[in-house]
Amino acid sequence: MKALLFLIRRNLLNGIKSAFKKPLVLIGYIFILLFIIAFIVASFAMPSGEIRTLPPALFRGIMMLVFTVLYYTSLKLGIEKGSSYFRMSDVNMAFTAPLRPNQILLYGFIKQLGGTLFFILLAFFQIPNLKNNFAFEPHGVIVLLLAVVAYTMAYPLIGMLIYSWTSVSKERKRLAKRIFDRAALAVVLIFLIDLSQTRDFVKSMSHVFDHPVAHYFPIIGWTGSIASAAVAEPDTAFLVGAAGMAVVIFGLSLLIYRMKLDYYEDVLEATEYVEAALKAKREGRNMTFGQKTRKNIRGGLSGKGARALFAKNMMEIRKTSMFLFLDRMSVMVILSSILFKLIMPSEAGLNAFSMFMVLAFSLYMLLLMQAQGRWSVEVEKPYIFLIPASSFEKLFYASLSEHVKNLFDGALLFTLSGIFFGSQVPTVLACILSYVFFGAVFLYAEVLTRRMFGRVHSKGLMIFIKMIFSFLLVVPGIIGSVIAVIATDSEFYMIGAMGAWAFVLAVTLFMFSAGIFNNIESSS
(Lines give C-alpha, C1' and ligand atoms only; values in the text may rest on other atoms or scores of the structure.)
Protein backbone atom coordinates (compact mmCIF):
# COMPACT_ATOMS: atom_id res chain seq x y z
CA MET A 1 0.00 0.00 0.00
CA LYS A 2 2.96 2.32 0.59
CA ALA A 3 3.88 2.04 -3.07
CA LEU A 4 0.39 3.14 -4.13
CA LEU A 5 0.47 6.09 -1.75
CA PHE A 6 3.85 6.99 -3.20
CA LEU A 7 2.29 7.08 -6.68
CA ILE A 8 -0.45 9.45 -5.52
CA ARG A 9 2.06 11.69 -3.75
CA ARG A 10 4.46 11.68 -6.71
CA ASN A 11 1.73 12.55 -9.23
CA LEU A 12 0.67 15.49 -7.07
CA LEU A 13 4.24 16.75 -6.72
CA ASN A 14 4.91 16.39 -10.44
CA GLY A 15 1.82 18.46 -11.23
CA ILE A 16 3.01 21.20 -8.86
CA LYS A 17 6.52 21.16 -10.33
CA SER A 18 5.24 21.36 -13.90
CA ALA A 19 3.17 24.40 -12.94
CA PHE A 20 6.25 26.19 -11.56
CA LYS A 21 8.12 25.52 -14.81
CA LYS A 22 5.51 27.51 -16.77
CA PRO A 23 5.10 31.06 -15.41
CA LEU A 24 1.87 31.76 -17.32
CA VAL A 25 0.33 28.54 -16.02
CA LEU A 26 1.43 29.41 -12.48
CA ILE A 27 -0.16 32.84 -12.83
CA GLY A 28 -3.35 31.12 -13.99
CA TYR A 29 -3.38 28.86 -10.93
CA ILE A 30 -2.78 31.81 -8.61
CA PHE A 31 -5.60 33.75 -10.28
CA ILE A 32 -7.93 30.77 -9.91
CA LEU A 33 -6.95 30.38 -6.24
CA LEU A 34 -7.72 34.05 -5.55
CA PHE A 35 -11.03 33.74 -7.41
CA ILE A 36 -11.99 30.67 -5.37
CA ILE A 37 -11.04 32.40 -2.11
CA ALA A 38 -13.21 35.36 -3.10
CA PHE A 39 -16.17 33.05 -3.74
CA ILE A 40 -15.63 31.26 -0.42
CA VAL A 41 -15.55 34.56 1.45
CA ALA A 42 -18.64 35.77 -0.43
CA SER A 43 -20.48 32.53 0.33
CA PHE A 44 -20.02 32.96 4.08
CA ALA A 45 -20.07 36.75 4.38
CA MET A 46 -22.87 37.90 2.05
CA PRO A 47 -26.36 38.31 3.55
CA SER A 48 -29.17 36.04 2.37
CA GLY A 49 -32.58 36.85 0.97
CA GLU A 50 -31.57 40.35 -0.16
CA ILE A 51 -33.13 40.13 -3.64
CA ARG A 52 -36.15 38.05 -2.64
CA THR A 53 -37.04 35.34 -0.11
CA LEU A 54 -38.56 32.28 -1.69
CA PRO A 55 -40.37 29.69 0.49
CA PRO A 56 -38.15 27.12 2.28
CA ALA A 57 -40.33 24.31 0.89
CA LEU A 58 -39.16 25.24 -2.61
CA PHE A 59 -35.51 25.06 -1.53
CA ARG A 60 -36.03 21.65 0.08
CA GLY A 61 -37.80 20.40 -3.03
CA ILE A 62 -35.00 21.64 -5.28
CA MET A 63 -32.31 20.01 -3.13
CA MET A 64 -34.16 16.70 -3.07
CA LEU A 65 -34.67 16.81 -6.84
CA VAL A 66 -31.02 17.66 -7.50
CA PHE A 67 -29.67 14.79 -5.40
CA THR A 68 -32.23 12.40 -6.90
CA VAL A 69 -30.97 13.22 -10.39
CA LEU A 70 -27.30 13.06 -9.32
CA TYR A 71 -27.62 9.67 -7.65
CA TYR A 72 -29.70 8.23 -10.50
CA THR A 73 -27.35 9.35 -13.28
CA SER A 74 -24.11 8.40 -11.50
CA LEU A 75 -25.27 4.96 -10.33
CA LYS A 76 -27.10 4.16 -13.58
CA LEU A 77 -23.98 4.98 -15.59
CA GLY A 78 -21.98 2.65 -13.36
CA ILE A 79 -24.37 -0.21 -14.17
CA GLU A 80 -24.50 0.41 -17.93
CA LYS A 81 -20.84 1.25 -18.61
CA GLY A 82 -19.16 -0.29 -15.61
CA SER A 83 -17.53 1.52 -12.71
CA SER A 84 -13.88 2.40 -12.89
CA TYR A 85 -11.68 4.63 -10.77
CA PHE A 86 -8.54 3.90 -12.77
CA ARG A 87 -6.63 5.06 -15.82
CA MET A 88 -4.81 2.89 -18.32
CA SER A 89 -1.55 3.76 -16.57
CA ASP A 90 -2.99 2.16 -13.42
CA VAL A 91 -3.91 -0.94 -15.44
CA ASN A 92 -0.33 -1.29 -16.64
CA MET A 93 1.33 -0.53 -13.32
CA ALA A 94 -0.98 -1.13 -10.36
CA PHE A 95 -2.94 -4.14 -11.66
CA THR A 96 0.27 -6.08 -12.29
CA ALA A 97 1.70 -5.30 -8.84
CA PRO A 98 1.76 -8.06 -6.18
CA LEU A 99 -0.93 -6.37 -4.09
CA ARG A 100 -4.39 -7.42 -2.96
CA PRO A 101 -7.26 -6.29 -5.22
CA ASN A 102 -8.81 -4.60 -2.17
CA GLN A 103 -5.76 -2.38 -1.81
CA ILE A 104 -5.83 -1.50 -5.50
CA LEU A 105 -9.51 -0.61 -5.16
CA LEU A 106 -8.77 1.56 -2.14
CA TYR A 107 -6.06 3.29 -4.17
CA GLY A 108 -8.60 4.05 -6.88
CA PHE A 109 -11.07 5.34 -4.30
CA ILE A 110 -8.47 7.70 -2.82
CA LYS A 111 -7.77 9.09 -6.29
CA GLN A 112 -11.50 9.48 -6.85
CA LEU A 113 -11.79 11.66 -3.75
CA GLY A 114 -10.12 14.41 -5.76
CA GLY A 115 -13.47 14.82 -7.45
CA THR A 116 -14.89 15.85 -4.08
CA LEU A 117 -12.99 19.12 -4.31
CA PHE A 118 -14.51 19.75 -7.74
CA PHE A 119 -18.05 19.30 -6.44
CA ILE A 120 -17.32 21.53 -3.45
CA LEU A 121 -16.09 24.28 -5.78
CA LEU A 122 -19.24 23.95 -7.86
CA ALA A 123 -21.28 24.27 -4.69
CA PHE A 124 -19.40 27.43 -3.68
CA PHE A 125 -20.16 28.98 -7.07
CA GLN A 126 -23.90 28.33 -6.58
CA ILE A 127 -24.15 29.48 -2.96
CA PRO A 128 -24.23 33.26 -3.70
CA ASN A 129 -27.10 32.73 -6.12
CA LEU A 130 -28.96 30.57 -3.60
CA LYS A 131 -28.45 33.11 -0.83
CA ASN A 132 -29.89 35.83 -3.06
CA ASN A 133 -33.11 33.86 -3.40
CA PHE A 134 -33.48 32.03 -0.08
CA ALA A 135 -33.07 33.02 3.57
CA PHE A 136 -30.12 30.92 4.76
CA GLU A 137 -29.54 30.13 8.41
CA PRO A 138 -26.09 31.00 9.88
CA HIS A 139 -25.10 27.35 9.52
CA GLY A 140 -26.64 27.07 6.02
CA VAL A 141 -23.43 27.11 3.97
CA ILE A 142 -21.78 24.50 6.20
CA VAL A 143 -24.63 21.98 6.03
CA LEU A 144 -24.96 22.48 2.27
CA LEU A 145 -21.27 21.68 1.79
CA LEU A 146 -21.68 18.73 4.17
CA ALA A 147 -24.39 17.34 1.89
CA VAL A 148 -22.10 17.73 -1.14
CA VAL A 149 -19.27 15.91 0.66
CA ALA A 150 -21.65 13.13 1.72
CA TYR A 151 -22.77 12.65 -1.90
CA THR A 152 -19.29 12.65 -3.39
CA MET A 153 -18.06 10.12 -0.81
CA ALA A 154 -21.15 7.89 -0.90
CA TYR A 155 -21.87 7.40 -4.60
CA PRO A 156 -18.46 5.85 -5.48
CA LEU A 157 -18.86 3.37 -2.62
CA ILE A 158 -22.43 2.51 -3.59
CA GLY A 159 -21.34 2.23 -7.20
CA MET A 160 -18.55 -0.17 -6.23
CA LEU A 161 -20.96 -2.34 -4.24
CA ILE A 162 -23.56 -2.42 -7.04
CA TYR A 163 -20.89 -3.13 -9.63
CA SER A 164 -19.40 -5.94 -7.54
CA TRP A 165 -22.85 -7.53 -7.36
CA THR A 166 -23.96 -6.95 -10.97
CA SER A 167 -20.66 -7.91 -12.62
CA VAL A 168 -21.27 -11.57 -11.74
CA SER A 169 -23.88 -12.07 -14.48
CA LYS A 170 -25.82 -10.21 -17.15
CA GLU A 171 -29.10 -11.10 -15.43
CA ARG A 172 -28.07 -9.13 -12.36
CA LYS A 173 -27.18 -6.11 -14.52
CA ARG A 174 -30.56 -6.23 -16.24
CA LEU A 175 -32.31 -6.55 -12.87
CA ALA A 176 -30.46 -3.56 -11.43
CA LYS A 177 -31.25 -1.44 -14.50
CA ARG A 178 -34.94 -2.37 -14.26
CA ILE A 179 -35.05 -1.39 -10.60
CA PHE A 180 -33.47 2.01 -11.29
CA ASP A 181 -35.62 2.74 -14.35
CA ARG A 182 -38.90 1.71 -12.70
CA ALA A 183 -38.11 3.71 -9.58
CA ALA A 184 -37.43 6.78 -11.72
CA LEU A 185 -40.61 6.18 -13.70
CA ALA A 186 -42.62 5.89 -10.49
CA VAL A 187 -41.29 9.26 -9.26
CA VAL A 188 -42.16 10.92 -12.59
CA LEU A 189 -45.68 9.45 -12.55
CA ILE A 190 -46.30 10.59 -8.98
CA PHE A 191 -45.18 14.08 -9.93
CA LEU A 192 -47.37 14.19 -13.06
CA ILE A 193 -50.43 12.99 -11.11
CA ASP A 194 -49.90 15.70 -8.50
CA LEU A 195 -49.28 18.29 -11.24
CA SER A 196 -52.58 17.37 -12.91
CA GLN A 197 -54.35 18.13 -9.64
CA THR A 198 -52.57 21.33 -8.58
CA ARG A 199 -51.85 22.84 -12.02
CA ASP A 200 -48.86 24.48 -10.32
CA PHE A 201 -45.32 23.27 -11.04
CA VAL A 202 -43.80 24.71 -7.86
CA LYS A 203 -46.50 23.32 -5.56
CA SER A 204 -46.27 19.88 -7.14
CA MET A 205 -42.50 19.82 -6.74
CA SER A 206 -42.87 20.75 -3.07
CA HIS A 207 -45.60 18.14 -2.55
CA VAL A 208 -43.55 15.33 -4.07
CA PHE A 209 -39.93 16.12 -3.20
CA ASP A 210 -40.57 17.88 0.12
CA HIS A 211 -42.77 15.06 1.43
CA PRO A 212 -41.66 13.49 4.77
CA VAL A 213 -41.34 10.11 3.06
CA ALA A 214 -38.83 11.61 0.62
CA HIS A 215 -36.71 13.09 3.43
CA TYR A 216 -36.44 9.76 5.25
CA PHE A 217 -35.81 7.72 2.10
CA PRO A 218 -32.39 6.02 2.42
CA ILE A 219 -29.35 7.63 0.79
CA ILE A 220 -31.14 10.14 -1.48
CA GLY A 221 -33.50 11.42 1.19
CA TRP A 222 -30.78 11.49 3.81
CA THR A 223 -28.48 13.59 1.63
CA GLY A 224 -31.31 15.93 0.69
CA SER A 225 -32.30 16.31 4.35
CA ILE A 226 -28.78 17.45 5.23
CA ALA A 227 -28.89 20.13 2.51
CA SER A 228 -32.44 21.17 3.49
CA ALA A 229 -31.21 22.24 6.92
CA ALA A 230 -29.58 25.25 5.23
CA VAL A 231 -32.85 27.20 5.43
CA ALA A 232 -34.14 25.86 8.76
CA GLU A 233 -32.96 24.70 12.14
CA PRO A 234 -31.65 21.10 12.21
CA ASP A 235 -34.57 18.75 12.84
CA THR A 236 -35.05 15.01 13.18
CA ALA A 237 -34.76 14.48 9.43
CA PHE A 238 -31.35 16.20 9.46
CA LEU A 239 -30.08 14.09 12.37
CA VAL A 240 -31.33 10.88 10.77
CA GLY A 241 -29.80 11.86 7.43
CA ALA A 242 -26.41 12.79 8.89
CA ALA A 243 -26.23 9.62 11.00
CA GLY A 244 -27.43 7.45 8.12
CA MET A 245 -24.89 8.83 5.64
CA ALA A 246 -22.08 8.43 8.17
CA VAL A 247 -23.05 4.78 8.69
CA VAL A 248 -23.30 4.19 4.93
CA ILE A 249 -19.91 5.74 4.14
CA PHE A 250 -17.94 4.05 6.91
CA GLY A 251 -19.85 0.78 6.69
CA LEU A 252 -19.46 0.38 2.93
CA SER A 253 -15.79 1.37 3.13
CA LEU A 254 -15.14 -1.41 5.63
CA LEU A 255 -17.31 -3.91 3.74
CA ILE A 256 -15.69 -3.33 0.36
CA TYR A 257 -12.20 -3.46 1.83
CA ARG A 258 -12.93 -6.90 3.35
CA MET A 259 -14.64 -8.39 0.29
CA LYS A 260 -12.96 -11.01 -1.91
CA LEU A 261 -12.79 -9.14 -5.18
CA ASP A 262 -11.78 -10.22 -8.68
CA TYR A 263 -12.66 -7.29 -10.91
CA TYR A 264 -9.58 -6.70 -13.10
CA GLU A 265 -11.06 -8.05 -16.35
CA ASP A 266 -14.45 -6.43 -15.77
CA VAL A 267 -13.03 -3.01 -14.96
CA LEU A 268 -10.71 -3.00 -17.99
CA GLU A 269 -13.53 -2.19 -20.43
CA ALA A 270 -14.80 0.61 -18.20
CA THR A 271 -11.27 2.03 -17.92
CA GLU A 272 -10.95 2.07 -21.69
CA TYR A 273 -14.29 3.90 -21.83
CA VAL A 274 -12.99 6.50 -19.34
CA GLU A 275 -9.84 7.00 -21.40
CA ALA A 276 -11.88 7.45 -24.56
CA ALA A 277 -14.14 9.98 -22.79
CA LEU A 278 -11.14 11.97 -21.56
CA LYS A 279 -9.64 11.96 -25.04
CA ALA A 280 -12.93 13.23 -26.47
CA LYS A 281 -12.96 16.01 -23.86
CA ARG A 282 -9.44 17.09 -24.80
CA GLU A 283 -10.44 17.20 -28.46
CA GLY A 284 -13.63 19.17 -27.84
CA ARG A 285 -15.97 16.23 -28.51
CA ASN A 286 -17.20 15.72 -24.94
CA MET A 287 -20.81 16.71 -25.74
CA THR A 288 -21.00 14.31 -28.71
CA PHE A 289 -19.05 11.45 -27.13
CA GLY A 290 -21.00 8.20 -27.11
CA GLN A 291 -23.60 9.46 -29.55
CA LYS A 292 -24.39 7.44 -32.63
CA THR A 293 -23.51 9.21 -35.86
CA ARG A 294 -25.88 9.16 -38.79
CA LYS A 295 -24.65 8.01 -42.15
CA ASN A 296 -25.46 9.12 -45.69
CA ILE A 297 -25.77 12.79 -44.69
CA ARG A 298 -25.65 15.14 -47.65
CA GLY A 299 -25.27 18.74 -46.57
CA GLY A 300 -25.04 20.42 -49.95
CA LEU A 301 -22.27 22.73 -48.66
CA SER A 302 -18.84 22.93 -50.21
CA GLY A 303 -16.01 25.37 -50.46
CA LYS A 304 -12.35 25.91 -51.11
CA GLY A 305 -9.65 26.99 -48.73
CA ALA A 306 -10.91 28.14 -45.36
CA ARG A 307 -14.56 27.76 -46.45
CA ALA A 308 -14.03 23.99 -46.50
CA LEU A 309 -13.70 24.11 -42.68
CA PHE A 310 -17.24 25.50 -42.39
CA ALA A 311 -18.70 22.85 -44.74
CA LYS A 312 -16.91 20.06 -42.85
CA ASN A 313 -18.03 21.26 -39.39
CA MET A 314 -21.63 21.66 -40.50
CA MET A 315 -21.58 18.09 -41.78
CA GLU A 316 -20.17 16.88 -38.44
CA ILE A 317 -22.94 18.68 -36.53
CA ARG A 318 -25.65 17.10 -38.66
CA LYS A 319 -24.14 13.63 -38.16
CA THR A 320 -24.68 13.83 -34.39
CA SER A 321 -27.99 15.74 -34.48
CA MET A 322 -31.43 14.24 -34.10
CA PHE A 323 -33.04 16.74 -36.47
CA LEU A 324 -31.21 19.43 -38.45
CA PHE A 325 -28.94 20.88 -35.70
CA LEU A 326 -30.95 19.67 -32.69
CA ASP A 327 -28.61 17.56 -30.58
CA ARG A 328 -28.19 16.56 -26.96
CA MET A 329 -26.78 19.92 -25.88
CA SER A 330 -29.70 21.74 -27.53
CA VAL A 331 -32.23 19.66 -25.63
CA MET A 332 -30.42 20.15 -22.31
CA VAL A 333 -30.19 23.93 -22.69
CA ILE A 334 -33.82 24.33 -23.81
CA LEU A 335 -35.37 22.07 -21.18
CA SER A 336 -33.25 23.34 -18.27
CA SER A 337 -33.88 26.99 -19.16
CA ILE A 338 -37.66 26.63 -19.39
CA LEU A 339 -37.71 24.43 -16.26
CA PHE A 340 -35.77 27.12 -14.40
CA LYS A 341 -38.46 29.70 -15.20
CA LEU A 342 -41.23 27.31 -14.20
CA ILE A 343 -39.59 26.67 -10.83
CA MET A 344 -39.55 30.38 -10.01
CA PRO A 345 -42.87 31.15 -8.23
CA SER A 346 -45.21 33.80 -9.64
CA GLU A 347 -45.10 35.84 -6.45
CA ALA A 348 -41.40 36.52 -7.04
CA GLY A 349 -42.49 39.65 -8.98
CA LEU A 350 -40.45 38.87 -12.08
CA ASN A 351 -43.18 37.82 -14.49
CA ALA A 352 -42.54 40.94 -16.57
CA PHE A 353 -38.97 39.71 -17.14
CA SER A 354 -39.63 36.07 -17.96
CA MET A 355 -37.69 36.14 -21.23
CA PHE A 356 -34.70 37.78 -19.57
CA MET A 357 -34.64 35.08 -16.90
CA VAL A 358 -34.73 32.35 -19.55
CA LEU A 359 -31.96 34.14 -21.47
CA ALA A 360 -29.76 34.50 -18.38
CA PHE A 361 -30.08 30.86 -17.38
CA SER A 362 -29.60 29.61 -20.95
CA LEU A 363 -26.37 31.64 -21.20
CA TYR A 364 -25.23 30.12 -17.92
CA MET A 365 -25.89 26.63 -19.27
CA LEU A 366 -24.21 27.50 -22.57
CA LEU A 367 -21.09 28.65 -20.72
CA LEU A 368 -20.95 25.38 -18.77
CA MET A 369 -21.50 23.08 -21.75
CA GLN A 370 -19.68 25.00 -24.45
CA ALA A 371 -16.37 24.32 -22.77
CA GLN A 372 -14.71 24.45 -26.17
CA GLY A 373 -15.93 24.61 -29.73
CA ARG A 374 -15.09 22.56 -32.79
CA TRP A 375 -12.35 25.00 -33.66
CA SER A 376 -10.20 23.33 -31.00
CA VAL A 377 -10.31 20.13 -33.05
CA GLU A 378 -9.08 22.02 -36.09
CA VAL A 379 -6.23 23.75 -34.27
CA GLU A 380 -4.78 20.36 -33.33
CA LYS A 381 -4.41 19.43 -37.01
CA PRO A 382 -1.48 20.85 -38.97
CA TYR A 383 -3.29 21.29 -42.29
CA ILE A 384 -5.19 24.36 -41.07
CA PHE A 385 -1.89 26.24 -40.90
CA LEU A 386 -1.20 25.33 -44.54
CA ILE A 387 -4.47 26.71 -45.91
CA PRO A 388 -3.71 29.70 -48.18
CA ALA A 389 -5.88 32.16 -46.28
CA SER A 390 -5.47 34.81 -43.60
CA SER A 391 -5.63 33.91 -39.92
CA PHE A 392 -8.82 35.96 -39.59
CA GLU A 393 -10.50 34.04 -42.39
CA LYS A 394 -9.47 30.65 -41.01
CA LEU A 395 -10.74 31.44 -37.51
CA PHE A 396 -14.00 32.85 -38.88
CA TYR A 397 -14.84 29.78 -40.96
CA ALA A 398 -13.57 27.34 -38.29
CA SER A 399 -15.97 28.91 -35.76
CA LEU A 400 -18.87 29.83 -38.06
CA SER A 401 -20.60 26.47 -37.55
CA GLU A 402 -20.83 27.20 -33.81
CA HIS A 403 -22.61 30.48 -34.51
CA VAL A 404 -25.07 28.77 -36.86
CA LYS A 405 -25.70 26.10 -34.22
CA ASN A 406 -26.31 28.74 -31.54
CA LEU A 407 -28.65 30.61 -33.89
CA PHE A 408 -30.69 27.45 -34.40
CA ASP A 409 -30.80 26.66 -30.67
CA GLY A 410 -31.62 30.24 -29.74
CA ALA A 411 -34.39 30.52 -32.32
CA LEU A 412 -35.97 27.28 -31.08
CA LEU A 413 -35.62 28.12 -27.38
CA PHE A 414 -36.87 31.70 -27.47
CA THR A 415 -39.62 31.08 -30.01
CA LEU A 416 -41.04 28.43 -27.68
CA SER A 417 -40.47 30.67 -24.64
CA GLY A 418 -42.07 33.65 -26.40
CA ILE A 419 -45.18 31.61 -27.18
CA PHE A 420 -45.26 30.17 -23.67
CA PHE A 421 -44.88 33.53 -21.89
CA GLY A 422 -46.73 35.65 -24.47
CA SER A 423 -43.75 37.90 -25.28
CA GLN A 424 -43.53 40.40 -28.12
CA VAL A 425 -41.69 39.56 -31.35
CA PRO A 426 -38.95 42.24 -30.87
CA THR A 427 -38.15 40.80 -27.45
CA VAL A 428 -37.87 37.28 -28.89
CA LEU A 429 -35.54 38.52 -31.66
CA ALA A 430 -33.41 40.40 -29.12
CA CYS A 431 -33.06 37.21 -27.05
CA ILE A 432 -32.04 35.17 -30.10
CA LEU A 433 -29.38 37.66 -31.18
CA SER A 434 -28.08 38.05 -27.60
CA TYR A 435 -27.79 34.27 -27.30
CA VAL A 436 -25.76 34.10 -30.52
CA PHE A 437 -23.52 37.02 -29.54
CA PHE A 438 -22.79 35.60 -26.10
CA GLY A 439 -22.03 32.22 -27.65
CA ALA A 440 -19.44 34.01 -29.79
CA VAL A 441 -18.03 35.72 -26.67
CA PHE A 442 -17.59 32.38 -24.89
CA LEU A 443 -16.02 30.82 -27.97
CA TYR A 444 -13.52 33.58 -28.73
CA ALA A 445 -12.65 33.91 -25.04
CA GLU A 446 -11.53 30.28 -25.28
CA VAL A 447 -9.49 31.06 -28.41
CA LEU A 448 -7.82 34.06 -26.79
CA THR A 449 -7.07 32.05 -23.66
CA ARG A 450 -5.46 29.37 -25.84
CA ARG A 451 -3.40 31.99 -27.64
CA MET A 452 -2.20 33.52 -24.36
CA PHE A 453 -1.43 30.35 -22.42
CA GLY A 454 -0.88 27.82 -25.18
CA ARG A 455 -1.83 24.21 -24.69
CA VAL A 456 -1.36 23.96 -20.94
CA HIS A 457 -0.88 20.63 -19.21
CA SER A 458 -4.31 20.81 -17.55
CA LYS A 459 -7.47 21.09 -19.66
CA GLY A 460 -9.38 21.83 -16.47
CA LEU A 461 -7.15 24.85 -15.86
CA MET A 462 -7.82 26.14 -19.37
CA ILE A 463 -11.59 25.75 -19.01
CA PHE A 464 -11.53 27.37 -15.58
CA ILE A 465 -9.55 30.37 -16.84
CA LYS A 466 -11.90 30.73 -19.79
CA MET A 467 -14.99 30.66 -17.54
CA ILE A 468 -13.56 33.27 -15.16
CA PHE A 469 -12.46 35.41 -18.10
CA SER A 470 -15.91 35.18 -19.68
CA PHE A 471 -17.63 36.01 -16.40
CA LEU A 472 -15.55 39.14 -15.90
CA LEU A 473 -16.22 40.28 -19.45
CA VAL A 474 -19.99 39.87 -19.04
CA VAL A 475 -20.19 42.02 -15.86
CA PRO A 476 -20.30 45.39 -17.73
CA GLY A 477 -23.16 44.05 -19.86
CA ILE A 478 -25.09 43.12 -16.71
CA ILE A 479 -24.52 46.60 -15.31
CA GLY A 480 -25.70 48.13 -18.59
CA SER A 481 -28.86 46.01 -18.60
CA VAL A 482 -29.67 47.10 -15.03
CA ILE A 483 -29.27 50.76 -16.00
CA ALA A 484 -31.45 50.21 -19.09
CA VAL A 485 -34.29 48.60 -17.15
CA ILE A 486 -34.19 51.31 -14.47
CA ALA A 487 -34.31 54.04 -17.11
CA THR A 488 -36.95 52.49 -19.39
CA ASP A 489 -38.69 49.77 -17.33
CA SER A 490 -38.62 47.70 -20.53
CA GLU A 491 -37.50 44.09 -20.88
CA PHE A 492 -36.67 44.70 -24.55
CA TYR A 493 -34.13 47.46 -23.80
CA MET A 494 -32.75 45.43 -20.91
CA ILE A 495 -32.01 42.49 -23.22
CA GLY A 496 -30.87 44.82 -25.99
CA ALA A 497 -28.25 46.42 -23.73
CA MET A 498 -26.78 43.02 -22.90
CA GLY A 499 -26.86 41.94 -26.53
CA ALA A 500 -25.15 45.13 -27.72
CA TRP A 501 -22.35 44.67 -25.19
CA ALA A 502 -21.97 41.03 -26.24
CA PHE A 503 -21.69 42.05 -29.90
CA VAL A 504 -18.91 44.54 -29.12
CA LEU A 505 -17.13 41.94 -27.00
CA ALA A 506 -17.40 39.23 -29.66
CA VAL A 507 -15.90 41.47 -32.37
CA THR A 508 -13.12 42.64 -30.04
CA LEU A 509 -12.21 39.14 -28.89
CA PHE A 510 -12.24 37.91 -32.48
CA MET A 511 -9.77 40.63 -33.53
CA PHE A 512 -7.40 39.85 -30.66
CA SER A 513 -7.59 36.06 -30.99
CA ALA A 514 -7.40 35.64 -34.77
CA GLY A 515 -3.60 35.67 -34.71
CA ILE A 516 -3.57 32.20 -33.18
CA PHE A 517 -3.04 30.71 -36.64
CA ASN A 518 -0.05 32.94 -37.43
CA ASN A 519 2.31 30.76 -35.44
CA ILE A 520 1.90 27.01 -34.96
CA GLU A 521 3.93 27.08 -31.73
CA SER A 522 1.51 29.52 -30.09
CA SER A 523 -1.35 27.01 -30.23
CA SER A 524 0.59 23.90 -29.27
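Me: Which residues do ring pairs link into a cluster?
Reply: Ring pairs join Phe67, Tyr71, Tyr151 and Tyr155 into a cluster. The model in which they are found is a predicted one.

Me: What makes the pair of Phe361 and Tyr364 tilted?
Reply: The ring centres of Phe361 and Tyr364 are 6.1 Å apart, and rings pair if their centres lie within 6.5 Å. Their planes stand at 45°. Stacked requires under 30 degrees and edge-to-face over 60, so the pair is tilted.

Me: Why are Phe361 and Tyr364 separated by about one helical turn?
Reply: Both residues belong to helix H16, which covers residues 354-369. Because they are three residues apart in that helix, about one helical turn lies between them.

Me: Why does Tyr364 count as partly exposed?
Reply: Tyr364 has a relative accessibility of 32%. Buried means under 20% and exposed over 50%, so Tyr364 is partly exposed.

Me: What makes the pair of Phe396 and Tyr397 edge-to-face?
Reply: The planes of Phe396 and Tyr397 are 80° apart, with 5.2 Å from centre to centre. Planes over 60 degrees apart count as edge-to-face, and the pair of Phe396 and Tyr397 is therefore given that name.

Me: How do you know whether Phe396 and Tyr397 are buried or partly exposed?
Reply: Phe396 has a relative accessible area of 35%, so it is partly exposed. For Tyr397 the relative accessible area is 15%, which means that Tyr397 is buried.

Me: Why does Ile219 count as buried?
Reply: Its relative accessibility is 18%, and buried means under 20%. Ile219 is therefore buried.

Me: Where is Asp489, and why is it called exposed?
Reply: Asp489 is in the loop between helix H21 (459-488) and helix H22 (491-513). Asp489 also has a positive phi, of about 55°, without being a glycine. With a relative accessible area of 62%, against a limit of over 50%, Asp489 is therefore exposed.

Me: How do you know that Ser225 is buried, and which residues does Ser225 touch?
Reply: Ser225, in helix H11, has a relative accessible area of 3% and is therefore buried. Leaving aside residues up to four places away in sequence, Ser225 touches Met64, His215, Ala237 and Phe238.

Key
Residues numbered from 1 in each chain as written. Predicted model: local features only at pLDDT ≥ 70, side-chain atom pairs only at ≥ 80, totals over all residues. Heavy atoms only, no water. Phe/Tyr/Trp six-rings, centres within 6.5 Å; stacked < 30°, edge-to-face > 60°. Helix = DSSP H or I, 4+ residues; strand = E, 2+ residues; numbered from the N terminus. Buried < 20%, exposed > 50% of the residue type's maximum accessible area, 1.4 Å probe, protein only. Contact = heavy atoms within 4.5 Å.
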